[in-house]
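Here is a short briefing to read alongside the model. Please keep the 3D view open as you go.

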Number of protein chains: 2
Amino acid sequence: MLEQADPREWIGRELEQVETPALLVDLDALEHNLALMAGFFAGRAAGLRPHAKTHKCPEIARRQLALGAVGITCAKLGEAEVLAASGVGDILIANQVVDAAKLQRLAALAGRVHLTVAVDDAANVAALGEAARQCGATIHVLVEVDIGMGRCGVAPGRPALALAQQVAATAGLAFAGLMGYEGHLVLTRDPQERKTKVEAALELLLDTKRLIEEWGLPVGIVSGGGTGTYDVTGSFPGVTEVQAGSYVFMDTTYREIRPEFQLSLFLLATVISRVDPSRVIIDAGHKVLTSEFGAPQVLGVPGAGSLRLSEEHGRIPLAEPEQVSLRPGQRVRILPSHCCTTTNLHDHLLAVRKGVVEDVWPIAARGRSQ
Amino acid sequence: MLEQADPREWIGRELEQVETPALLVDLDALEHNLALMAGFFAGRAAGLRPHAKTHKCPEIARRQLALGAVGITCAKLGEAEVLAASGVGDILIANQVVDAAKLQRLAALAGRVHLTVAVDDAANVAALGEAARQCGATIHVLVEVDIGMGRCGVAPGRPALALAQQVAATAGLAFAGLMGYEGHLVLTRDPQERKTKVEAALELLLDTKRLIEEWGLPVGIVSGGGTGTYDVTGSFPGVTEVQAGSYVFMDTTYREIRPEFQLSLFLLATVISRVDPSRVIIDAGHKVLTSEFGAPQVLGVPGAGSLRLSEEHGRIPLAEPEQVSLRPGQRVRILPSHCCTTTNLHDHLLAVRKGVVEDVWPIAARGRSQ
């Protein structure tokens, strides 16, 4: 009796024979991206700590570490737990973890792996210390500094110094350094403008490091950066770690910023209706593709207009219907507009090489937002 | 050793003690909505076949059936498999199912439950019949008619007749009737304009029914409608089934259209940062809330501006910072802008009554887009 599709059955098959909508990673492109980024950091003062929020996939984290990454970055505690269970031994949660139940989980995790977390609040520092002591663990702490993004983080300079001193004085915690994310600049189009602005933002972070060290506290880690800024941030004197994530997959958004990486992430869809020749309807909507960065892009369909999503349908308007022979059952490849949120909609990645499914990788931390 | 959060541990707890981001359903509001919709259809010629795409949750489907629903509607085969496994015995997949592997699954499912599927393509009808015969099952079929939405469906009149005749002549298939979805009208704001336009669209469907019956084929089912149009469609002569879904939860979008239903779905978030008094940062971003219908709404925070989402953060700008005492660790309730896609991001619904978690319901068909 046939039951729900098990994607592992598709290993060895060509893409015409897998069920859709399916999220694919092209292994040649992925390996190109992993090698290119690892090569940039090889022999450099700063290390690469790839952000797993993009892939949420232990198989990819393992490859990043094998190529020299100094550890893995996560956005949420739940992601960190999944990656720790898969064998990752050094994790930064680049975020604040605040409520009581989560602090217990965090301290327990710190007993199993080298765990670092960001802080920007004095009460949170006190609670973190208490959780660590109760658990007999050491939690490593980065003080997050707001270097212009206007999201989390204390102001550069004295406020960061005060928090660093509190962390250093709290039993159970180890002051590890500073984190600042130039997220407001990662998608700045012009490379020269991006470089100038990123360097100005990082200067705030490094000035704060110098201030804290003047007060006698060593600042071991200075962490920042993303795919849009990895080269500038990764070569800025004093930065020790870069948290790039999207370079593994890329998408319509990052393609414009970082042409040196290849597109590796695709959504494979199937045509389900072609009644009116001027449009093709596919089996992929908002539940398998995200659109906060704009419409995903239809590939390989001549004259395809902007993809219009409803929940489980995608509508492709055609400028030249007679040029497009697509019928129900045929496949269409879609390029996501935001790789990180698209991955979070799927349970599996089909790892594909030259059109054949080579492996199926669980997106094991999908939905781990707690 | 504490591991990943298990939400079933939160049963009996107040909301201050659950981990976030968490998706909540308020049971009093849900029960109001279920009863109101069931009451509308009680004793009416048309029946309610609620659309499970909204909740993807067997616990809610069970309640809908207990209140008199004639069956359940699904958008995808994978959803139908999950609901069948939970005991739902009569399912409409209001969509085209086309590729070979899926047709085998569909036919297998038709051997276990009363299964109906939509078609708009002659080759698909032939393939469906072959799959049904191979499996020794009967697949019930609705011919989908495009009544103005411009998505799937054949044109009203002769094209629908031809497809209905083909279905009726295909061994393994049973011609069950017609489906037409007035999805282009469900969010029309003005009730009178909505009514007039919906009735004009349904007239196309009923004209087609009459044509097919003139040719000697009985049209048992005429299916359509949604939460925005349930009253008009549900009382239109000849319509036999209405596929409303969103009424169970509601959201910022449907609230404007259907004030008789209560808001029952909320995202509970936690403040993770409040460095700058003019903004509150919560632990909820695009990975737990969708925004294709606009920004979700922050509830209970005086002077809160439009919620700005990044991947795992939400930024709430405050017009009067001194009126808002929120500190890290405190909770904020968010009203989704689109209930159906938001539910699809979560694995569990916390079923809450008067602020206490009464049960935890798996969103068992989450991600079942295949």
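In which sense do strand β7 (residues 173-179) of chain B and β8(B) pair, and over how many bridges? The two strands pair in the parallel sense, over three bridges. Strands here are DSSP E runs of at least two residues and helices are H or I runs of at least four, both numbered from the N terminus; two strands pair if DSSP finds at least two bridges between them.

This is a predicted model, in which local features need pLDDT of at least 70 and side-chain atom pairs count only at pLDDT 80 or more, while totals for chains, interfaces and linings use all residues. Residues are numbered from 1 along each chain as its sequence is written, chains are lettered from A and ligands numbered from 1 in the order in which they are written, and side-chain values use heavy atoms, with hydrogens and water left out.

**Chain A as a whole**
- Chain A has ten helices and 17 strands.
- Its radius of gyration is 22 Å, close to the 21 Å that the globule rule gives for 370 residues, so chain A is as compact as a globular protein of that length. The radius is taken over C-alpha atoms, and the rule is 2.2 Å times the number of residues to the power 0.38.
- Along the principal axes, the C-alpha atoms of chain A fill a box of roughly 70 × 50 × 35 Å.
- Of the 370 residues of chain A, 62% count as buried (under 20% relative accessible area; exposed is over 50% and partly exposed lies in between, with a 1.4 Å probe and protein chains only).
- Among the contacts in chain A with a separation of 6 or more, 69% come from residues 24 or more positions apart; contact means heavy atoms within 4.5 Å.
- The accessible surface of chain A comes to about 12500 Å², and 52% of that belongs to carbon and sulfur atoms. Areas come from the Shrake-Rupley method with a 1.4 Å probe, and for residues only the protein chains shown count as cover.

**The eight-stranded sheet of chain A**
- An open sheet of eight strands runs in the order β2-β9-β8-β7-β6-β5-β4-β3 (chain A), with parallel pairing.
- Its edge strands are β2 (47-48) and β3 (72-74) of chain A, each pairing on one side only.
- Strand β4 (residues 90-93) and strand β5 (residues 114-119) of chain A pair over four bridges, with Ile93(A) opposite Val117(A).
- β5(A) and β6(A) also pair in the parallel sense over four bridges, and here Val119(A) stands opposite Val143(A).
- In strand β6 (residues 139-144) of chain A, six of six residues are buried: Ile139(A), Val141(A) and Val143(A) on one side, His140(A), Leu142(A) and Glu144(A) on the other.

**Gly180(B)**
- Gly180(B) is found in the loop between β7 and α7 (191-214) of chain B.
- This glycine, Gly180(B), is buried, with a relative accessible area of 1%.
- Leaving out residues up to four places away in sequence, Gly180(B) touches Val145(B), Ile147(B), Leu205(B), Ser223(B), Gly224(B) and Gly225(B).
- Gly180(B) and Asp146(B) are 34 residues apart in sequence and 6.1 Å apart in space, C-alpha to C-alpha.
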